[in-house]
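Please read them with the coordinates open.

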Amino acid sequence: MAQCTRTTLSFPKTPLNSTKTGTQTHLLPSISSFQAKPKSRKYPKISLSVVSSQSQQQYPSFDALPNSCRKEEVFSTIKDSVHNCLSETNLQLTVPGLKSKTRGKVRDIYDTGDYLVLVTTDRQSAFDRILASIPFKGQVLNETSLWWFNRTQHITPNAVLSVPDKNVTIAKKCSVFPVEFVVYKNGVRNYCGNVLPDGLVKNQKLTASILTPTTKAEDHDVPVTPDEIIERGLMTRADFDEAREKALSLFEYGQRVALEHGLILVDTKYEFGKASDGTILLIDEVHTPDSSRYWIANSYEEHFQNGLEPENIDKEFLRLWFRDHCNPYEDEVLPDAPEELVCELAWRYIFLYETITKSRFEARVTEEPIHDRISRNVSSALLSLQ
């Protein structure tokens with residue numbers, strides 16, 4: 001593989017008014033991230049009934065769905081799988097031809113020499129640590145990305161070659177750009193080359209989507225402007241402009257699709273790489289619950305006008321539990337996450353998948369160990385690529 005450096009493209013922590021006027025995309029600002037208290041925590045109430053701006057179609061209530069028979073059905077499967085998560089893989093021991101393994105926060109990446117095998121595990125990270133394993137999380141992320149990859153090829157080509165398993169993507173190798181685009185935050189009015197007006201309120205709509213790039217320092221991210229990216233040789237002007245346009249187009253499309261399904265795509269990140277023929281490819285994951293934040297569309301305006309935080313479906317409650325019950329930055333050993341929180345988060349991942357894709361998630365429990373299934377499917381897929 002060529003030099004493996006990293007690029008992500010992310011948008012301000014702000015929701016969108018999905019209504020498009022001319023070529024302008026409307027966007028919104030805010031901030032985000034991933035003593036014993038009472039043992040249980042009430043989860044935020046979620047409600048939704050959206051009417052599309054282009055039709056009178058109504059979408060189901062988020063308040064009703066989590067308490068429906070569907071949740072009961074999925075919860076039963078989740079509970080049966082709590083102790084059979086995909087927390088770690090070692091395909092280099094079971095699949096011929098794998099040359100090396102790189103362990104990320106969520107993905108295990110294997111180099112075949114010609115391709116990359118990306119296994120999306122069930123690991124849940126925050127505070128730069130692994131907090132728990134969430135049943136079916138890896139499958140949700142992998143299948144959500146595939147859904148978006150298939151629907152965004154009119155905007156940009158991607159690196160996907162095949163998806164031989166629910167948790168696995170085989171991808172083309174490329175050189176990943178060493179630039180990360182992160183959120184606007186901390187009240188700075190001139191941030192990463194974006195000049196923002198005074199008087200903005202948290203969660204208020206911006207007049208257009210913005211990119212806020214950073215580059216990696218030894219132990220933190222350093223804000224950087226587009227001109228600095230070019231001057232430092234991190235990207236060429238042509239590559240940066242192309243990646244920027246792709247990112248904005250992907251985000252605009254993602255906003256539109258999300259709103260049609262009753263959600264606001266608040267912010268996200270994209271990663272791009274450059275193939276050996278010079279083509280810029282979309283890589284990693286797209287609009288997943290890990291890489292993006294989603295808010296409930298129909299209640300946003302009322303909450304904003306009343307100074308309330310938007311309704312959301314995310315993993316913040318798990319982070320808060322750890323923050324309340326330990327020091328997740330300094331404690332050598334972390335407590336086990338309560339099973340009820342693990343199951344709730346698994347349901348939220350599945351619920352978002354079904355809401356985004358309008359399809360039924362196949363959450364099945366089988367006797368075959370997950371690692372055996374993945375080894376078998378990856379071995380077969382690599383043989384077919386030879």
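1. Is strand β15 (residues 263-267) mostly covered or mostly uncovered? The strand is mostly covered, with 5 of its 5 residues buried. Buried here means under 20% relative accessible area, exposed means over 50%, and partly exposed lies in between, with a 1.4 Å probe and protein chains only. β15 is joined by 4 bridges to strand β18 (residues 293-296), and the two run antiparallel. Strands pair if DSSP finds at least two bridges between them. In this pair, D267 is opposite R293 of β18.

2. Basis of the note. The model is predicted: local features need pLDDT of at least 70, side-chain atom pairs count only at pLDDT 80 or more, and totals for chains, interfaces and linings use all residues. Residues are numbered from 1 along each chain as its sequence is written, and side-chain values use heavy atoms, with hydrogens and water left out.

3. Overall content. The chain contains 8 helices and 18 strands. These are DSSP runs numbered from the N terminus: helices are H or I of at least four residues, strands are E of at least two. Of the 386 residues in the chain, 52% are buried. The chain has an accessible surface of about 18200 Å², and carbon and sulfur atoms account for 48% of it. The areas come from the Shrake-Rupley method with a 1.4 Å probe; for residues, only the protein chains shown count as cover.

4. Helix α1. This helix (residues 69-81) has 13 residues and spans 19 Å from first C-alpha to last, close to the expected 18 Å at 1.5 Å a residue. The expected span is 1.5 Å times one less than the number of residues. Its buried residues are R70, K71, V74, F75, T77, I78 and S81. They lie on the same side of α1 because they cover an arc of only 165 degrees around the axis, the arc being that of the directions from the helix axis to the C-beta atoms. C69, E72 and D80, on the other side of α1, are exposed. The buried residues of α1 pack against α7 (339-357), where contact means heavy atoms within 4.5 Å.

5. Nonpolar cores. A nonpolar core is a set of buried Ala, Val, Leu, Ile, Met, Phe, Trp, Tyr and Cys residues joined through side-chain atoms within 4.5 Å. The largest has 60 residues, and those with the most contacts inside it are I78, W148, Y270, F272, Y294 and F322. The largest share of this core, 12 residues, is contributed by α7. A second, separate core has 14 residues, among them L86, V119, I370 and L382.

6. Which loop holds F136? F136 is in the loop between β6 (129-133) and α2 (137-151). Its phi is near 70 degrees, a positive value in a residue other than glycine, and F136 counts as buried at 10% relative accessibility. H287, also not a glycine, has a positive phi near 50 degrees. H287 sits in the loop between β17 (280-283) and β18 and is buried, with a relative accessible area of 0%.

7. D108. This residue lies in strand β3 (residues 107-111) and counts as buried at 0% relative accessibility. The C-alpha atoms of D108 and T120 are separated by 6.6 Å, though the two residues are 12 apart along the chain. Beyond neighbours within four places in sequence, D108 is in contact with residues including E88, K101, R103, V119 and R123.
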